[in-house]
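Thanks for coming, everyone. Please look at the fold on the screen while I talk through the strands, the helices and a pocket.

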Amino acid sequence: MSQKVLLTSKEVNIILHRLACQLIENHLDFSNSVLIGIQPRGVSLAQRLKSILETEYNIKNIPLGFLDITFFRDDFRRGEPLDANKTQIDFLVEDKKVVFIDDVLFTGRSIRAALTAVQSFGRPAEIELLVLIDRRFSRHLPIQPDYRGRQVDVIANEKVKVCWKEKDGEDAVYLM
């Protein structure tokens, strides 16, 4: 399978810092905001952003959680069995500004599932969406990101693969 580099390690780093700055512009000290990485691939992005906000911008105590959406997906009982991940949210989202974080926005179905799943933890005052890659021409639902790293135009049978140094040995984004 051939692959094309969409983002190099340097470009990923620049985008992460830009996204962190955009979050600061809208959430200031994060006193009423929480970050929630959507399992499984949004977790690495959420952890990386939290680290940048804390170490480089000196914002402390940012609540970070991870949300498993497996049982809220509209394809849950279709086809092959899905592997569940673990939800780790040790705070209420009641009246908080929630930022969902995921690596790739494709059809919007995962975000729809996350909107339903997060209700178990309270009623947020507001929900925003941050994605590293926005596949803008493949949406099945009217969902758009509030923060996007890069917008890409790919055809339906192409796959966008996001690699993280911690899991895959490199920071990069490929089109396959």
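Strand S1 (residues 4–7) pairs with strand S8 (residues 172–175) in the antiparallel sense, over 3 bridges. Pairing here takes at least two DSSP bridges between the strands. Strands are DSSP E runs of at least two residues, helices are H or I runs of at least four, and both are numbered from the N terminus. In this pair, Leu 7 stands opposite Val 173 in S8.

A word on the source: this is a predicted model, where local features need pLDDT of at least 70 and side-chain atom pairs count only at pLDDT 80 or more, while totals for chains, interfaces and linings use all residues. Residues are numbered from 1 along each chain as its sequence is written, and side-chain values use heavy atoms, with hydrogens and water left out.

S8 has another partner. Strand S7 (residues 160–163) runs antiparallel to S8, joined by 4 bridges. There, Cys 163 stands opposite Ala 172 in S8. Which way do the S8 side chains point? Ala 172 and Tyr 174 go one way, Val 173 and Leu 175 the other, and all are buried, meaning under 20% relative accessible area with a 1.4 Å probe, protein chains only.

Now the open sheet. Its 5 strands pair in parallel, in the order S3-S2-S4-S5-S6. The edges are S3 (64–67) and S6 (147–152), each pairing on one side only. From one strand to the next, the twist averages 25 degrees. S4 (residues 97–105) and S5 (residues 126–135) share 8 parallel bridges. Within that pair, Val 99 has Glu 128 of S5 as its bridge partner.

Next, helices. H1 (residues 9–27) packs on the sheet and touches S2 (33–38), S4, S5 and S6. Contact means heavy atoms within 4.5 Å. The direction of H1 makes about 140 degrees with that of S6. Angles run from 0 to 180 degrees between N-to-C directions, on axes fitted to C-alpha atoms, for helices over the stretch in contact. H2 (residues 42–57) also packs on the sheet, touching S2, S3, S4 and S5. Its direction makes about 125 degrees with that of S4.

Last, the largest pocket. A pocket is an open set of points on a 1 Å grid over the protein atoms alone, with protein on both sides within 12 Å along at least five of seven lines; lining residues have an atom within 4 Å of a point. How many residues line the largest pocket? The count is 27, with Arg 41, Arg 73, Asp 103, Val 104 and Ser 110 nearest its centre. S4 gives the largest share of the lining, 4 residues.

How values were computed: Buried means under 20% relative accessible area, exposed over 50%, partly exposed in between (1.4 Å probe, protein chains only). On a 1 Å grid over the protein atoms alone, a cavity is a set of points where a 1.4 Å probe fits but cannot get out, and a pocket is an open set with protein on both sides within 12 Å along at least five of seven lines; lining residues have an atom within 4 Å of a point.
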